[in-house]
Amino acid sequence: MHVHVLSLDVTITDTSPDSALRAPGAVGAPAEQTWTPRLWGVLAVLCAVLFLDGLDVSMVGVALPSIGAELGLSTTSLQWIVNGYVLGYGGLLLLGGRTADLLGRRRVFLAALAVFAVASLVGGLVDDGTLLIATRFVKGLAAAFTAPTALSILTTTFHEGPARNRALSVFSVFGASGYSSGLILGGLLTSFGWRWTFLTPVPLAILALVAGIALIPRDKSAAEGGHDILGAVTLTGGMLLAVYTVVSAPDRGWLDPVTLGSVVVAAALLIAFFITENKVRHPLIRLGILRIGSIVRANLSIVALFGSYLSFQFMMTLYLQDVLRWSPLKMAMALLPAGLLVAFGSPFVGRLIDRYGTPRLIISSMTSLSLGYAWFLATAGNAPHYAFTILPTMLLLGGGFAFGFSSIMAQATDGIDDSEQGLASGLVQTSGQVGAALVLALVTALVAGGTADGGNGFAEFHPGVNLVSAVAVVGLALNLIPLLRRYRPKHT
């Protein structure tokens, strides 16, 4: 991993000590950046946090069957181990990104990272399923502030263009490496006990916190832009309730009075938020950002990418361990090729973005995902063979993720002023998390329904794979339409 990081081509033209940390667009900002040791250190801290996020998600995913067996949790309850995190993460991402813009990115980043470490420690010590889900919710809250803040620190530290694209590629490598490492570590650690999958991130988070204190430059809170309290309350309440409704509806029922009431209240809060943002002097979100077509497409693309990929992994984890009775380590090794492909492929995506642009790479990503799911459906039957079905699928999905993640992140933040980088970063990550929660909730309902109907083998998972396939195809279509319009023949 370090070899790939250090092999990036870097142009050095300005040797002033602070040039590497000047924001793009600032007075006297250089055309090219000097990648000083401190700049590399800042990037390393940011990458470490993304590494931790990928590590945590994949390790917990591997441990789900063991957690369910020890704590007596059903498949529907197990999704809350995942979606408890998503609930806090998706519900507060926009607020987290904007808070970093207003209060200072360094301060918000370090405080949230400390909370993440404490929540990880507590999660490894509890004996109750409800308390475990609660710690996951708190970790999601912390990640809602660390994730957009880390990305906004990166996008304001590296100039828009080749430097930022390369930094985003390195950023993606560490996320994929964390995910890949988490699969292996999760398999090994679960053999000793699932609690180790929660405790392992603690020392790593502490190290990242200490390094962040030493390396991340101090910044000031926004000189202008008051705190939109009403907007924050209505947005946070609406998002939390919306995500909760999505992830609880399959268990409670989509037509249950509580579900319908939650939908109404969440919609009312979000409508109130949009009304508020059009009236207040310093809105939490400048709604004009939603009129930029490329940003809207990036946010919808991340829904297709995360929603389909994470849901497919959830199904494969349950199938390989619960149906085929594979060990956690064997299951992790089976899914590892996708993560490795992302880790080794992502360093080159920055150069591809420079050459071909983000729209074509996102289309390539969605095409690879769609082909992966199509191959799986065409060849799986009721007992998918690993070498013929699962392995080619994981390679296609890994390629799709490698092309898609960096490209989507670059497109979602391109052309955005530094003062709104936290907002743009939080917006795209909110879309990814809420989209993943929605697709996973629907997939869980379909899988649970197949089990209730007496399905066996892989038959009970087929409806879920059909759904994630449709999500990927829709993501491909959304990105193809603008490209087709551009090349449509014009008639006199």
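Buried means under 20% relative accessible area, exposed means over 50%, and partly exposed is in between, with a 1.4 Å probe and protein chains only. This is a predicted model, in which local features need pLDDT of at least 70 and side-chain atom pairs count only at pLDDT 80 or more, while totals for chains, interfaces and linings use all residues. Residues are numbered from 1 along each chain as its sequence is written, and side-chain values use heavy atoms, with hydrogens and water left out.

The salt bridges come first. A salt bridge is a side-chain nitrogen of Lys or Arg within 4 Å of a carboxyl oxygen of Asp or Glu. One is formed by the side chains of E70 and R195, at 3.8 Å from N to O. E70 belongs to helix α2 (residues 37-71) and R195 to the loop between α6 (162-192) and α7 (196-199), so that distant parts of the chain, 125 residues apart, are linked; helices (H or I, at least four residues) and strands (E, at least two) are DSSP runs, numbered from the N terminus. With a relative accessibility of 47%, E70 counts as partly exposed. R195 also meets D127 in a salt bridge, at 2.4 Å from N to O. D127 lies in the loop between α4 (105-123) and α5 (129-157) and R195 in the loop between α6 and α7, so this pair ties together parts that are 68 residues apart in sequence. D127 counts as exposed at 60% relative accessibility. Through shared partners, the salt bridges join E70, D127 and R195 into one network.

Aromatic rings are the next topic. A pair of aromatic rings is described by the distance of the centres and the angle of the planes. Rings of Phe, Tyr and Trp (its six-membered ring) pair if their centres lie within 6.5 Å; planes under 30 degrees apart count as stacked, over 60 as edge-to-face and the rest as tilted. The search of the whole structure finds 11 aromatic pairs. Among them is the edge-to-face pair of F273 and F274, with 5.4 Å centre to centre and 70° between the planes. F273 is buried at a relative accessible area of 2%, whereas F274 is partly exposed at 38%.

Y319 and F461 form another pair: their ring centres are 5.9 Å apart and their planes stand at 75°, so the pair is edge-to-face. It links distant parts of the chain, 142 residues apart, with Y319 in helix α11 (residues 293-323) and F461 in the loop between α16 (421-452) and α17 (462-486). Y319 is buried, with a relative accessible area of 2%, and F461 is buried, with 3%. Leaving aside neighbours within four places in sequence, F461 is in contact (heavy atoms within 4.5 Å) with M315, L318, Y319, V323 and V447. The C-alpha atoms of F461 and V443 are separated by 8.6 Å, these residues being 18 apart along the chain. Elsewhere, ring pairs link F306, Y309, F401 and F405 into a cluster.

Two lysines are placed over rings. A charge sits over a ring if NZ of Lys or CZ of Arg is within 6 Å of the ring centre and within 35 degrees of the ring normal. K139 lies over the face of F116, 4.7 Å from the ring centre, and K330 over the face of W326, 4.4 Å from the ring centre.

α11 has 31 residues and reaches 44 Å from its first C-alpha to its last, close to the 45 Å expected at 1.5 Å a residue; the expected span is 1.5 Å times one less than the number of residues. Of the 31 residues of α11, 22 are buried, and the helix is mostly covered. Just after α11, R325 takes a positive phi of about 60°, although R325 is not a glycine. Most residues other than glycine have a negative phi. R325 is found in the loop between α11 and α12 (328-345) and counts as exposed at 65% relative accessibility.

Helix α15 (residues 386-413) has 28 residues, which should span 40 Å at 1.5 Å a residue; its end C-alpha atoms are 39 Å apart, which agrees. A kink of about 25° in α15 is centred on G404, the bend at a residue being the angle between axes fitted to the seven residues ending there and the seven starting there. Because 20 of its 28 residues are buried, α15 is largely enclosed by the rest of the structure. α15 is followed by G415, whose phi is positive, near 80°.
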